Amino acid sequence: MNIPSIIGNYVSAKSMWEDIKEGRSIISKKPLSQEESVKQLEERLPQILSAFSWGVIGFFGNDEITLRNELGPAIILLGAHDRSSLLTEACSYIKEIVEYSKKKNIDLNRILENDPAVHTNFRIASLLCKLHSKTLQKDEILLLCSLITPRSNQEIFHQVLLTLKEYLE
């Protein structure tokens, strides 16, 4: 996936997430009942987590110059232009979704088990967030590498591996 696609999905997910948190329909923007709100969240979690996970992967896997060149006018939509800020924001969304889902008694693993690609990218993004916040444990580095390596034929994951190498040096 390329940066413009990642940004487009990321911005869309931010809007959806705000509606979900506010208990509004993401389509009609009308208030939802508690039950409808939880149902909407469960239905949209894979899509939203996918977009935020790709955001983390894309922001982590691209250097500052490439990101600035690729972002162009999207900087206005994102509200930030530097790699660290974008990565921190994307990670905060993932953390917020995990906490919100727990509060609503939603089992993320159960929902994501039907979509292995989203689940794997979510796991990669979660580990990259821990690395970015300097809370990644040594055993998690091996897990991260084992999740990324089979995808390294895709340019973005190859770049993530190169950035990961820089982090670890």
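**Close-up views of the predicted model**

**View A. The lining of the second largest pocket is made up of three nonpolar, six polar and three charged residues.** Here Ala, Val, Leu, Ile, Met, Phe, Trp, Tyr, Cys and Pro count as nonpolar, Asp, Glu, Lys and Arg as charged, and the others, Gly among them, as polar. The model is predicted: local features need pLDDT of at least 70, side-chain atom pairs count only at pLDDT 80 or more, and totals for chains, interfaces and linings use all residues. Residues are numbered from 1 along each chain as its sequence is written, and side-chain values use heavy atoms, with hydrogens and water left out. The lining consists of Met1, Asn2, Ile3, Gly61, Asn62, Asp63, Thr66, Glu70, Gln154, Glu155, Ile156 and Gln159. A pocket is an open set of points on a 1 Å grid over the protein atoms alone where a 1.4 Å probe fits, with protein on both sides within 12 Å along at least five of seven lines; lining residues have an atom within 4 Å of a point. Helices α3 (64-71) and α9 each supply at least two lining residues, and α9 gives the most, with three. Helices are DSSP runs (H or I, at least four residues), numbered from the N terminus. The second largest pocket holds about 150 Å³ of space, where volume is the space filled by probe spheres set on the points, which are joined across faces, edges and corners.

**View B. The largest pocket holds about 210 Å³ of space.** Its lining is formed by Thr88, Cys91, Ser92, Ile94, Lys95, Ser126, Cys129, Lys130, His132, Ser133 and Thr135. By class these residues are three nonpolar, six polar and two charged.

**View C. A disulfide joins Cys91 to Cys129, with an S to S distance of 2.1 Å.** A disulfide is taken as a pair of cysteine sulfur atoms within 2.5 Å, and a search of the whole structure finds one. The link of Cys91 and Cys129 is left-handed, at -95° about the S-S bond. Cys91 lies in helix α5 and Cys129 in helix α7, so the pair ties together parts that are 38 residues apart in sequence. Both Cys91 and Cys129 are buried; buried means under 20% relative accessible area, exposed over 50%, and partly exposed in between (1.4 Å probe, protein chains only).

**View D. Cys145 is in no disulfide.** The nearest cysteine sulfur, that of Cys129, is 16 Å away. Cys145 counts as partly exposed because its relative accessibility is 24%.

**View E. Phe52 and Val56 touch the most other members of the largest nonpolar core, which has 50 residues.** Such a core is a set of buried Ala, Val, Leu, Ile, Met, Phe, Trp, Tyr and Cys residues joined through side-chain atoms within 4.5 Å. Helices supplying at least two core residues each are α1 (3-21), α2 (34-61), α5 (83-103), α6 (108-112), α7 (116-132), α8 (138-148) and α9 (155-168). Helix α2 gives the most, eleven residues. Leaving aside residues up to four places away in sequence, Val56 touches Leu87, Ala90, Cys91, Ile94, Ala125, Leu128 and Cys129; contact means heavy atoms within 4.5 Å.

**View F. Glu36 lies in helix α2.** Glu36 counts as partly exposed because its relative accessibility is 42%. C-alpha to C-alpha, Glu36 and Arg24 are 9.3 Å apart in space, and they are twelve residues apart in sequence.
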